[in-house]
Amino acid sequence: MNSKIFRISLTAALSGFLFGFDTVVISGANLPIKELWDTSPWFHGTFIMSMALWGTVVGSLLGGIPCDRFGRKKTLFWIGILYAASALGSAFATDPYMFSFFRFIGGLGVGASSVAAPIYISEISSSKNRGKLGGLYQFNLVLGILIAFISNYLLQGIGGDNDWRWMLGVEALPAILYTIMVLPIPNSPRWLAINKQDSEGALATLKELYSENEAITKLEEIKESLSLSKTNEGFFSGQYKIPLLLAFLFAFFNQLSGINFVLYYAPEILERAGLAAKESLFSSISIGIVNLIFTFVGVRLIDKLGRRKLMKIGSIGYIISLGMVAWCFYTTASSMILLTFILIFIASHAIGQGAVIWVFISEIFPQKVRAAGQSWGSGTHWVFAAIITLITPIFLDSDQGIFKENPWPIFIFFSGMMVLQLLFVLFMMPETKGVSLEELSKKLSGKKKN
């Protein structure tokens with residue numbers, strides 16, 4: 001693998017580290033903030049816990065605009081600024097409204113990151129290593145999740161009643177470092193050639209990444225794809241109906257697996273299973289470790305086994321593990337048995353949806369609408385993530401929750417949705433392994449399916 005492309009992809013993928021850290025760090029602050037400001041379950045779910053996700057929805061839906069207008073690189077740079085501002089603002093918040101505002105700012109960064117980083121990496125990599133390089137984003141994402149869990153555990157008690165401020169504020173350090181690291185990476189050659197009509201700049205960038213002959217060949221392929229995509233049809237026209245449907249369903253099933261439900265509320269769920277507060281935070285670290293290990297496995301296998309096979313493995317693992325988590329709650333099995341099946345669930349997600357989603361969505365749209373397509377898939381993902389996070393306190397709150405005594409029906413529902421995902425993978429999902437972006441555009445932008 002080209003070492004320079006790897007380093008550049010890794011730098012862009014570090015936005016995924018901040019993504020994972022920012023979205024999960026709130027799990028450690030959840031209960032202390034609930035006690036500090038004594039808000040209602042509705043307010044806590046809507047503003048405290050899910051406000052960052054609503055920012056993510058906005059950031060993901062609108063993230064394609066700066067990606068196309070200013071470029072993927074500049075968008076990645078400003079994402080770092082948003083992360084740093086959110087971390088510091090949340091840490092110094094004096095009331096729930098100020099806290100929610102800065103969490104919203106961080107959400108904008110997360111949403112834009114899930115658009116800009118995957119398409120940037122897909123546009124500088126080749127068909128042979130696009131899966132592995134694209135998977136770096138998800139790997140860094142789950143690394144951020146693990147570090148957030150560890151950070152929360154280590155910082156608990158460091159500031160008395162204000163330890164949650166340290167948990168949230170420490171993110172500013174990696175955010176500033178990432179922002180500096182993005183400055184020297186090049187612009188996407190495909191963005192230069194098609195969005196800016198700068199063939200000379202695109203060729204110069206390609207020559208930095210590949211041999212001269214490879215660079216010339218790739219530029220010709222890009223120009224050919226541009227000539228094929230010259231049309232006045234809109235984004236939601238029939239021309240793009242296949243990738244639109246694929247991206248929507250992929251993102252929809254990602255969240256209906258319950259992954260954010262588990263990650264965001266891991267300490268609270270484990271406490272309900274009988275673990276003390278400190279033990280639940282420590283057990284959350286095991287979730288992060290398993291997530292990281294199996295994401296690494298998925299990234300290693302994605303260009304060997306292909307996207308569909310990983311999704312089949314993940315779907316079956318989802319169905320079994322979620323069903324057993326429901327059984328554990330229903331029968332009040334021991335907390336260690338429950339934790340075991342939660343870890344199997346996390347492993348299933350990491351090797352399947354986790355490793356594949358951002359790679360797959362970044363591949364299936366033509367260059368002309370790739371940023372808009374990534375926004376569509378990412379926006380779908382985050383809309384459902386926000387909804388699930390918003391309503392969770394209504395289901396789990398100790399006084400008013402619908403399933404306050406036992407949440408087993410929630411996991412049965414998620415397991416049933418994963419049966420539908422398996423059918424989607426078997427009968428609708430195309431394989432994109434080893435196919436160039438230009439060739440995928442030809443196959444998926446019309447009526448022809450892979």
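Analyst: First, a term: helices here are DSSP runs of H or I with at least four residues, numbered from the N terminus. Also, this is a predicted model.
User: Okay. Where is Leu390 found?
Analyst: Leu390 lies in helix α20.
User: Is Leu390 buried or exposed?
Analyst: Leu390 is buried, because its relative accessible area is 19% and buried means under 20%.
User: What does Leu390 touch, leaving aside neighbours within four places in sequence?
Analyst: Leu390 is in contact with Gly45, Thr46, Ser50 and Trp54, once neighbours within four places in sequence are left aside.
User: How far apart are Leu390 and Phe43?
Analyst: In sequence, 347 residues. In space, 9.1 Å from C-alpha to C-alpha.
User: Phe43, which helix contact is that part of?
Analyst: The one between α3 and α7. The axes of α3 (residues 41-49) and α7 (residues 96-124) come within 8 Å and cross at roughly 45°. The two helices are therefore oblique to each other. On the α3 side the contact is made by Phe43, Phe47 and Ile48. On the α7 side it is Pro96, Tyr97, Phe99 and Ser100.
User: What classes of residue are in the contact of α3 with α7?
Analyst: Six nonpolar, one polar and no charged.
User: New topic. At what angle do α1 and α8 pack?
Analyst: About 40°, with the axes of α1 (residues 3-24) and α8 (residues 130-155) 6 Å apart. So α1 and α8 are oblique to each other. Their crossing is right-handed. Their contact has 18 nonpolar, eight polar and no charged residues.
User: Which side chains make a polar contact with the side chain of Gln367?
Analyst: Glu123 does, at 3.4 Å. Arg370 does too, at 2.5 Å.
User: And which contacts does Gln367 have beyond four places in sequence?
Analyst: Among them are Arg72, Arg190, Trp191 and Ser441.
User: Why call α22 largely enclosed?
Analyst: Six of the eight residues of α22 (residues 437-444) are buried, so the rest of the structure largely encloses that helix.

Conventions
Residues are numbered from 1 along each chain as its sequence is written. This is a predicted model: local features need pLDDT of at least 70, side-chain atom pairs count only at pLDDT 80 or more; totals for chains, interfaces and linings use all residues. Side-chain values use heavy atoms; hydrogens and water are left out. A polar contact is a pair of N or O atoms within 3.5 Å; within protein, one must be able to donate a hydrogen and the other to accept it, and residues adjacent in sequence count only if both atoms are side-chain atoms. Contact means heavy atoms within 4.5 Å. Axes are lines fitted to C-alpha atoms, for helices over the stretch in contact, and angles run from 0 to 180 degrees between N-to-C directions. Angles under 35 degrees count as roughly parallel, over 145 as roughly antiparallel, 65 to 115 as roughly perpendicular and the rest as oblique. Ala, Val, Leu, Ile, Met, Phe, Trp, Tyr, Cys and Pro count as nonpolar, Asp, Glu, Lys and Arg as charged, and the others, Gly among them, as polar. Buried means under 20% relative accessible area, exposed over 50%, partly exposed in between (1.4 Å probe, protein chains only). A crossing is left-handed if the near helix is turned anticlockwise from the far one by less than a right angle, and right-handed if clockwise.
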